[in-house]
Amino acid sequence: MPHYGPSSHRVMIWQGGEPEWAICTGKAVRPPQNLCFLTHTRASMEFVERLRKGAQSTVKAKTRLLQRGRRNRLPQIRGYFDFSSPKSISTNAAVVLAAEYERLRMMSLEIPYTVDLHRWNDDVFRKLYQIGFFEIVGISPERPDVVIEEGDTRTMRIVSMKNADDLAKVDNALQALGKFMLPVHAIPESVMIDVLTGLSEAISNVTNHAYPAGYQPDYPHVGRLWVSATADRRDNSLTVVVYDQGITIPITYPRISRREEVMNYLGRTLKQTGSFEFQNDGTYIRAAMKYGGSRTDKEYRGKGLPQMISTIERVGRGSMAVLSRGGWCLRDTNGRFRSGSFPHSIGGTLVEWKVELSRVEMVQ
């Protein structure tokens, strides 16, 4: 009989083929019960930072994710994140999670395994399956259907984009979501065109500017952008989530030229001494959302965010949340801004943009 350490235990793993038993020689890490960067921000940011550090240490050590020994012995893993503990996961958390696992797959050249999938919460598994998480990480083959249908909702599964050339796939999926909204609520097609055009331009700006030449991140990036969207007939809303692992707003915003009103705002709100490194990150994000960059700045980090807010105001009612590095800022449906920072990094920039099209004034 093989001898294992006192903390070793048997788990069932899945890498896309048949499930198989393995021995875990380390401890399992439990994510928070509710993974969402809007409702459980600090716990979710802390978890994804821990996940990112764990994955990076594995890549640096050049250790295989799954160790296979002699034929009569079970394969071994050193540890895992126990996703049987979360009871819910939001779209924004699923997108960030997919991004982290895709980076691990590309950096380690292995398919990340899932552990004890049969013990996962049904709602969490369903969400990750529908949104294409298992395809992004390479466990299951890619489905031809980009838009997934379920009752009164249509979801664009996560699209992992390398550059603007992949925009056609996103644009086609967003148009499909728009057509899904039109028949029931008779939203003017011009309104949907306005929304989809604004989104496409914002996503294009991210692909062009999230990974500038010479940028040296703390964790090697894979130069990609992740996008998902949901159309919901129940409240006649369109929600889009965009995430990148590139240079963040708190890094870029202090470097660009700004108008006097922005300088005055930052002068009033920036803290000269902070209790942690990311103390002012929320302030920079808030300024980027309200004012943008300079009058000539055309990059996503400058003018893109105010343009997205302008689209909300123009076509109806909605909200926008931005998390970048350790900061966050929310523009709610009433137009109010709230912001803050945590000592944990989300590892890039996450934008969740929601338009409530039921508020649109119909044009006869």
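Because the model is predicted, local features need pLDDT of at least 70 and side-chain atom pairs count only at pLDDT 80 or more, whereas totals for chains, interfaces and linings use all residues. Residues are numbered from 1 along each chain as its sequence is written, and side-chain values use heavy atoms, with hydrogens and water left out.

The protein contains 10 helices and 16 strands; helices (H or I, at least four residues) and strands (E, at least two) are DSSP runs, numbered from the N terminus. Of its 364 residues, 54% count as buried, where buried means under 20% relative accessible area, exposed over 50% and partly exposed in between (1.4 Å probe, protein chains only). The accessible surface amounts to about 17,400 Å², and 48% of it belongs to carbon and sulfur atoms; these areas come from the Shrake-Rupley method with a 1.4 Å probe, and for residues only the protein chains shown count as cover. Among contacts (heavy atoms within 4.5 Å) with a separation of 6 or more, 70% join residues 24 or more positions apart.

Eight strands form an open sheet in the order 9-10-11-12-16-13-14-15, with antiparallel pairing; two strands pair if DSSP finds at least two bridges between them. Strand 9 (147-150) and strand 15 (337-341) are the edge strands, each pairing on one side only. From one strand to the next, the twist averages 10 degrees, with angles run from 0 to 180 degrees between N-to-C directions and axes being lines fitted to C-alpha atoms, for helices over the stretch in contact. Helix 2 packs on this sheet and touches strand 10 (153-161), strand 11 (225-232), strand 12 and strand 16; the direction of helix 2 makes about 30 degrees with that of strand 12.

Within the sheet, strand 16 (residues 349-356) is mostly covered, with seven of its eight residues buried. Strand 16 is joined to strand 12 (residues 237-244) by eight bridges in an antiparallel arrangement, and Ser-237 stands opposite Glu-356. Strand 13 (residues 317-324) also pairs with strand 16 in the antiparallel sense, over eight bridges; here Gly-318 stands opposite Val-355. Five bridges connect strand 14 (residues 327-331) with strand 15, again antiparallel, and Gly-327 stands opposite Ser-341.

The axes of helix 1 (residues 41-60) and helix 2 (residues 91-108) come within 10 Å and cross at roughly 5 degrees. The two helices are therefore roughly parallel to each other, a class for angles under 35 degrees, as against roughly antiparallel over 145, roughly perpendicular from 65 to 115 and oblique for the rest. Residues of helix 1 in this contact include Phe-47, Leu-51 and Val-59, and those of helix 2 include Leu-97, Tyr-101 and Met-107.

Leu-38 lies between strand 4 (34-35) and helix 1 and is partly exposed, with a relative accessible area of 37%. Leaving aside neighbours within four places in sequence, Leu-38 is in contact with Asn-92, Ala-321, Leu-323 and Glu-352. The C-alpha atoms of Leu-38 and Leu-323 are separated by 9.1 Å, although 285 residues lie apart along the chain. Pro-112, in the loop between helix 2 and strand 8 (114-115), is buried, with a relative accessible area of 3%. Beyond neighbours within four places in sequence, the contacts of Pro-112 include Trp-14, Leu-65, Tyr-101 and Ile-139.
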